Amino acid sequence: MVIDDSFYMNLALEEAWRYQGLTYPNPAVGCTVVGENGALLAVEAHHKAGEPHAEVNALKEAYYKLTDDSYILALHDSVDIHTHLLSNHNDIFKEITLYTTLEPCSHFGKTPSCASLISDLGIKRVFVGSYDTNKIAQKGIMKLQMNDCEVYSELLKEECDALLLPFNKTLQSNFIFFKWAQRVNGTTDDGTISSSASRKNVHAMRDVCDLLVIGGETVRVDRPTLDARLVNGKAPDVLILSRQKDFDKNIPLFDVANREVFIADNFEILKNYQNIMIEGTATMFTLTREIVDYYLSYIAPSFGGKNGFENITEKFEILNQRKEDEDIIMWMKRRK
């Protein structure tokens with residue numbers, strides 16, 4: 001293993017992918033902070049919209065390691081963290097290097113500017129993966145350079161752009177991802193498959209989704225709720241893809257407050273939404289093949305069931321994979 005700039009950026013990427021699908025309407029971003037002689041001070045990410053950005057979380061952790069000032073650990077608001085760092089840094093960041101998958105933001109929105117914080121802390125070396133395409137937040141690199149910071153752009157740009165694609169798609173039109181759970185023998189039927197941690201992860205994604213798409217037969221057989229109760233979140237609107245319009249309205253998904261349920265045999269309604277999750281198996285996979293951007297699979301270490309994707313022929317490129325609790329979680333895109 002070579003410990004170089006790409007190694008540190010890869011650490012940031014891996015951490016950011018843990019929060020892919022959870023940060024909407026913000027992008028998933030990772031950040032690594034390295035001290036003198038290559039000391040690893042922090043690997044962090046942006047966790048949720050409205051909360052501190054990846055750079056702030058990483059600088060908070062690095063500050064604690066360098067100072068042992070535990071007061072900062074109690075701070076969770078971005079403004080409070082910025083204020084404490086700026087008032088107490090005593091130039092401890094001058095010899096560190098920061099790696100971020102996305103150009104630091106330049107504006108004060110729900111949280112203060114990361115580019116301003118980095119500049120004011122005296123950080124002199126920053127590596128950036130992707131450029132920010134959001135006109136409101138971009139030009140962070142320019143702000144850093146104007147404050148005598150050495151910026152090295154496009155480090156692992158292809159990998160960072162893949163991480164950023166969901167955010168960029170929502171800026172342009174919408175981002176659509178297809179999620180499913182399967183056992184190691186490929187089956188997707190016959191009861192609960194994923195671990196409780198994986199199910200909680202899916203509910204957290206539903207909490208920030210605009211729309212959830214599901215097949216009519218799945219609704220009739222499984223009688224789901226399709227909410228975000230495991231994280232006390234909001235339930236997304238639902239599109240039931242079905243030619244048959246009659247459904248038992250006692251199915252729980254129809255009785256969730258503050259949601260709209262559409263029943264249609266087409267995807268016309270998708271144009272009104274930005275962050276869209278499709279849940280399904282083989283039939284839904286085939287129907288949505290040409291509109292899906294990314295695929296998300298939860299693979300459980302078990303056998304069972306009878307049916308899965310046995311009639312589907314497809315190849316994927318794995319964008320990220322990790323083990324979470326019992327399951328393997330993979331983000332992928334279809335090879336075209």
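These legends accompany close-up views of a predicted model.

**View 1. The largest pocket and the residues around its centre.** Let's start with the open space: the largest pocket has a volume of about 1,500 Å³. Its lining is made of 47 residues, and those closest to the pocket centre are Ile-214, Thr-218, Asp-222, Gly-280 and Thr-281. Sorted by class, the lining holds 15 nonpolar, 18 polar and 14 charged residues.

**View 2. The elements that line the largest pocket.** Which elements each supply at least two residues of this lining? They are β6 (175–183), α7 (196–208), β7 (211–215), α8 (216–222) and α9 (282–288). Helix α8 gives the most, with six residues.

**View 3. The largest cavity, lined by 14 residues.** A search of the whole structure turns up one cavity of 30 Å³ or more, and the volume of this largest cavity is about 110 Å³. Nearest its centre you will find Gln-20, Tyr-24, Asn-26, Pro-166 and Asn-275. The cavity lining divides into eight nonpolar and six polar residues, with no charged ones.

**View 4. The largest nonpolar core.** In soluble globular proteins, nonpolar side chains tend to be buried together. Here the largest nonpolar core has 42 residues, and Met-9, Phe-177, Met-205, Tyr-294 and Trp-331 touch the most other members. Two or more residues come from each of α1 (5–17), α6, β6, α7, β7, β8 (237–241), β11 (294–300) and β13. Helix α1 provides the largest share of this core, six residues. A second, separate core has 34 residues, including Val-33, Ile-72, Ile-81 and Ile-123.

**View 5. Met-205 and its contacts.** Which residues is Met-205 in contact with, once its neighbours within four places in sequence are left aside? They are Gln-20, Gly-21, Leu-22, Phe-177, Met-277, Leu-296, Tyr-298 and Trp-331. Two of these partners, Phe-177 and Trp-331, are listed with Met-205 among the core residues that touch the most other members.

**View 6. The hairpin of β12 and β13.** Strand β12 (residues 316–324) pairs with strand β13 (residues 327–334) in the antiparallel sense, over eight bridges. If you are finding your way along the pair, look for Phe-316, which stands opposite Arg-334 in β13. Two residues lie between the strands, and Asp-325 takes a positive phi near 60° in this hairpin.

Technical notes:
Residues numbered from 1 in each chain as written. Predicted model: local features only at pLDDT ≥ 70, side-chain atom pairs only at ≥ 80, totals over all residues. Heavy atoms only, no water. 1 Å grid on protein atoms, 1.4 Å probe; cavity = no way out; pocket = protein on both sides within 12 Å on 5 of 7 lines; lining within 4 Å. Points joined across faces, edges and corners; volume = space filled by probe spheres on them. Helix = DSSP H or I, 4+ residues; strand = E, 2+ residues; numbered from the N terminus. Nonpolar A, V, L, I, M, F, W, Y, C, P; charged D, E, K, R; others polar. Pairing = 2+ DSSP bridges. Core = buried A, V, L, I, M, F, W, Y, C linked by side-chain atoms within 4.5 Å. Buried < 20%, exposed > 50% of the residue type's maximum accessible area, 1.4 Å probe, protein only. Contact = heavy atoms within 4.5 Å.
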